[in-house]
Amino acid sequence: MSFVEELAAAEIGATYNFYREGPRAGLLRRRLADYLETREHARFLLVGEAPGHRGARVSGLPFTSERQLTGSGPAEATATIVRAALEELELEPETLCWNVVPTHPGTETANRRPTAAEIAAGRPFLERLARGRRVIAIGRVAHAATGAAYVRHPSHGGAEEFRAGLLRFAAGGRPVRRFHAKNLERKTRRDPTPLVRR
């Protein structure tokens, strides 16, 4: 059984497994399989807390909104900031993004913090992807769960600190221009960078 098939079959507490449930489950599994294949040799594993209701729950990819992939559908501020920072610092191809809990805790319109049991149930998937990679934890939940190097979560005004954290831990990251979070949404609409092969 492949990694994606195992994830689709997983029961992770009361989280919503969008790789198994819903009309787009097949598409989301294919997207994830392609993404994992394209990042097979990534040096960094950027780990967040859990998929957001406007991000990976809809797109199937961690720290990615549907709008970033297709130009339509919901956008997620965190996904926009993370992907723009990775692109700016020329780290996108070297970075695999993941979450401590790979399925969505919450509802179609809201997120909730994952439970300790859900974090434990998501751990085997995280450990497999972490092998041979430098792990960077985004936010306190991911840091507590992984013990990895901590980078501030970009939400609630943390975009600059997030970017500075990536620079600190990612050798070879080169800032091309000053990072302004307010311009990210506009930039993403103008120049969406594909994260998976079409």
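Reply: A salt bridge is counted when a side-chain nitrogen of Lys or Arg lies within 4 Å of a carboxyl oxygen of Asp or Glu. This is a predicted model, in which local features need pLDDT of at least 70 and side-chain atom pairs count only at pLDDT 80 or more, while totals for chains, interfaces and linings use all residues. Residues are numbered from 1 along each chain as its sequence is written, and side-chain values use heavy atoms, with hydrogens and water left out.

Me: How many salt bridges does this rule give?

Reply: The count comes to 12 salt bridges. One of them joins Arg20 to Glu11, at 3.4 Å from N to O. Arg20 also meets Glu21 in a salt bridge, at 3.2 Å from N to O.

Me: Are Glu11 and Glu118 buried or exposed?

Reply: The terms rest on relative accessible area: buried is under 20%, exposed is over 50%, and partly exposed is in between (1.4 Å probe, protein chains only). Glu11, at 62%, counts as exposed. Arg20 is partly exposed at 31%, and Glu21 is partly exposed at 32%. Glu118, by contrast, is buried at 2%. The salt-bridge partner of Glu118 is Arg112, with the closest N and O atoms 2.7 Å apart; Arg112 is partly exposed at 30%.

Me: How many aromatic pairs are found in the whole structure?

Reply: Rings of Phe, Tyr and Trp (its six-membered ring) pair if their centres lie within 6.5 Å; planes under 30 degrees apart count as stacked, over 60 as edge-to-face and the rest as tilted. The search finds 3 aromatic pairs. In one of them, the ring centres of Phe3 and Phe125 are 5.6 Å apart and the planes stand at 90°, so the pair is edge-to-face. Because Phe3 lies in helix H1 (residues 3–9) and Phe125 in helix H6 (residues 116–130), the pair ties together parts that are 122 residues apart in sequence. Helices (H or I, at least four residues) and strands (E, at least two) are DSSP runs, numbered from the N terminus. Phe3 is buried at 12%, and Phe125 is buried at 8%. Ring pairs link Phe3, Trp98 and Phe125 into a cluster.

Me: Which ring has the charged end of Arg57 over it?

Reply: A charge sits over a ring if NZ of Lys or CZ of Arg is within 6 Å of the ring centre and within 35 degrees of the ring normal. Here the ring is that of Tyr16, with the charged end of Arg57 at 4.0 Å from its centre.

Me: Which residues point one way from strand S1, and which the other way?

Reply: In a regular strand, side chains alternate between the two faces of the sheet. From S1, Phe44, Leu46 and Gly48 point one way, whereas Leu45 and Val47 point the other way. S1 (residues 44–48) is mostly covered, with 5 of its 5 residues buried.

Me: Which strands pair with S1?

Reply: Two strands pair if DSSP finds at least two bridges between them. S1 pairs in the parallel sense with S2 (residues 95–99) over 5 bridges, and Gly48 has Asn99 as its bridge partner in S2. S1 also pairs in the parallel sense with S5 (residues 134–138), over 4 bridges. In S5, Val135 stands opposite Leu45.
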